[in-house]
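Dear colleague,

Please find below the structure that I am handing over to you. My notes on what was found in it follow directly after.

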Amino acid sequence: MNKLKLDNKRTILVGLAFLSICAFWQMYDNLVPLILRETFHMDESLTGMIMAADNILALFMLPLFGGLSDKTNTRLGSRTPYIIGGTAGAVILMNLLPALDNSYSREAAEFKLASFIIVLGLLLIAMGTYRSPAVALMPDVTPKPLRSKANAVINLMGAVGGVIYLAVTAVLYPTAKVKEMAHVNYQSLFLIVSLIMAAAVVILLATIKEPELVEQNRALEKKHPEWNLAEDDGSGHETLPAPVKKSLAFLLASIALWFVGYNGVTTWFSTYLAEVMGEGVGGAATCLMVATVGAIVSYIPIGIVASKVGRKKTIMSGVVLLAACFTAGFFLTHNASSITPVMYVAFALVGLAWAAINVNSLPMVVEMCRGSDVGKFTGYYYTASMAAQVITPMLAGTLMKSVSYQVLFPYAAFFVAMSFVTMCFVKHGDSKAEAKKGLAAFEDMDD
């Protein structure tokens, strides 16, 4: 086979859709709990239930619209119409939220609260319509041997989207500015994020011609039947050996457990800092931005480490570090009144730990399918992670309300530590290979 080279420029452009998605969700997780609590005066349990709604919808909408886009055929392609429609709907709806928030703060009324919840629900639906098609665009236009490299680039683009949002938030809403405000107007922040999303998709449309690239990729793959590793038992179904099934079950349990811990912190961190330390949204955004940057600079080194020592050891090292950072988070914030440099170091390490876990976990799941339907096993991964993200906002919120806000970090550390235990029983899905340089380190992760 002739040596293939990833078109990095094209992959970056394809990743703009994921950049816009990640910028939105970073804002959603950062601001919506604050608005629900501070403007609409909802308690932690009810706020947690609303914050879990996007994950509940995702359990149904992601496979639904992913499947629908597979069957769609337009002059713009299969995925592009969903990306355009979903982004357009989201851009309009998201700018209604701060308007309703501001209006309610001036004069409370039940219909304003109802309107906010309805718009929020419609916004989540709009985002759900194009998340799967946007993610599916990369493998559509990328040869199979290069998809792991491309996925590393896509993940970097998503992280950049989160950093852009956090940087804008830190500049517009520093703690000193919002600390004494009775109500914070987030209209400008929602507008900026919506413009980022719109600009990303416009650039994507102008530079990526989906039908042409898909056809080129299909023609290339027809010339290389050896790339198709799919195997079945003759009836279109795969039968996994019992030990592999056991490993898969424990790996999925591990994924659920570390998402319960990690997502509990990301969902409630802004509210936690406001309640425990009196910090504003800008302070929380800066900490999360440090964690995101820590993850970004770790992606490629983590790939190199995993190629040397294996995915499982890399993940378990990340789990130990993440549990330690969350434990440290409790002590660092327990009696603090402001964010310290040590806290920034801890959050940078959180980013490193999460990169070690996140980069390697999906490839481990896919490895176990032994060449069968990769989409089905990817679905297993997202079912485990999304189910955890449905549970943890409500569970953590309820515990914070009934026990103390300071239970957040011990809660997260406990569930992450439990994932170390379940990972000990995972015996399949690993790989050890000679280290490669740069993004090439990711190439072996799906082998």
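In this predicted model, helices α4 and α6 pack with their axes 8 Å apart, at an angle of about 150°. Angles over 145 degrees count as roughly antiparallel, which is why α4 is described as roughly antiparallel to α6. The crossing of α4 past α6 is left-handed. On the α4 side, the contact is made by Tyr82, Ile83, Gly86, Thr87, Gly89, Ala90, Leu93 and Met94. On the α6 side, the residues are Val119, Leu122, Leu123, Ala126, Met127, Thr129, Tyr130, Pro133, Ala134 and Leu137. By class, this contact of α4 with α6 comprises 14 nonpolar residues, four polar ones and no charged ones.

Helix α6, which covers residues 110-141, also meets helix α5, residues 96-106. The axes of α5 and α6 come within 10 Å and cross at roughly 165°, and α5 is therefore roughly antiparallel to α6. The crossing of these two helices is left-handed. From α5, the contact draws on Leu96, Leu97, Leu100, Asp101, Ser103 and Tyr104. From α6, it draws on Lys112, Leu113, Ser115, Phe116, Val119, Leu120 and Leu123. The contact of α5 with α6 holds nine nonpolar, two polar and two charged residues.

A further partner of α6 is helix α10, residues 210-222. Here the axes are 8 Å apart and the packing angle is about 45°, so α6 and α10 are oblique to each other. Leu137, Pro139, Asp140 and Val141 of α6 make this contact with Glu210, Leu213, Val214 and Asn217 of α10. Sorted by class, the residues of the contact of α6 with α10 are five nonpolar, one polar and two charged.

Which residues of α5 are buried? They are Leu97, Pro98, Leu100, Asp101, Asn102, Ser103 and Tyr104. The cover over these buried residues of α5 includes α2 (16-38), α4 (80-94), α6 and α9 (187-207).

I turn next to four individual residues.

Gly162 is found in helix α7, residues 147-172. Gly162 has a relative accessible area of 4% and is buried. Apart from neighbours within four places in sequence, Gly162 is in contact with Cys22, Ala23 and Gln26. Gly162 and Leu288 are 126 residues apart along the chain, and their C-alpha atoms are separated by 9.0 Å.

Ser361 has its place in helix α14, residues 341-367. Is Ser361 buried or exposed? At 0% relative accessibility, Ser361 counts as buried. Leaving aside neighbours within four places in sequence, the contacts of Ser361 are Leu251, Ile255, Trp258, Ile315 and Tyr381.

Gln406 lies in the loop between α15 (374-402) and α16 (408-423). Why does Gln406 count as buried? Buried means under 20% relative accessible area, and Gln406 is therefore placed in that class by its relative accessible area of 18%. Neighbours within four places in sequence aside, Gln406 is in contact with Tyr272, Val276, Phe330 and His334.

Pro63 is found in helix α3, residues 44-71. With a relative accessible area of 51%, Pro63 is exposed. Beyond neighbours within four places in sequence, Pro63 is in contact with Ala58 and Ser132. Pro63 and Tyr382 are 319 residues apart in sequence, and their C-alpha atoms are 9.8 Å apart in space.

Finally, some values for the protein as a whole. The protein has 16 helices and zero strands. Of its 447 residues, 55% are buried. The protein exposes about 19100 Å², and carbon and sulfur atoms supply 65% of that area. Among contacts between residues at least 6 apart in sequence, 86% join residues at least 24 apart.

With kind regards

Terms used
Residues numbered from 1 in each chain as written. Predicted model: local features only at pLDDT ≥ 70, side-chain atom pairs only at ≥ 80, totals over all residues. Heavy atoms only, no water. Axes fitted to C-alpha atoms, helices over the stretch in contact; angles between N-to-C directions. Parallel < 35°, antiparallel > 145°, perpendicular 65-115°, else oblique. Left-handed = near helix turned anticlockwise from the far one by under 90°. Contact = heavy atoms within 4.5 Å. Nonpolar A, V, L, I, M, F, W, Y, C, P; charged D, E, K, R; others polar. Buried < 20%, exposed > 50% of the residue type's maximum accessible area, 1.4 Å probe, protein only. Areas by Shrake-Rupley, 256 points an atom, 1.4 Å probe, with all protein chains shown as cover.
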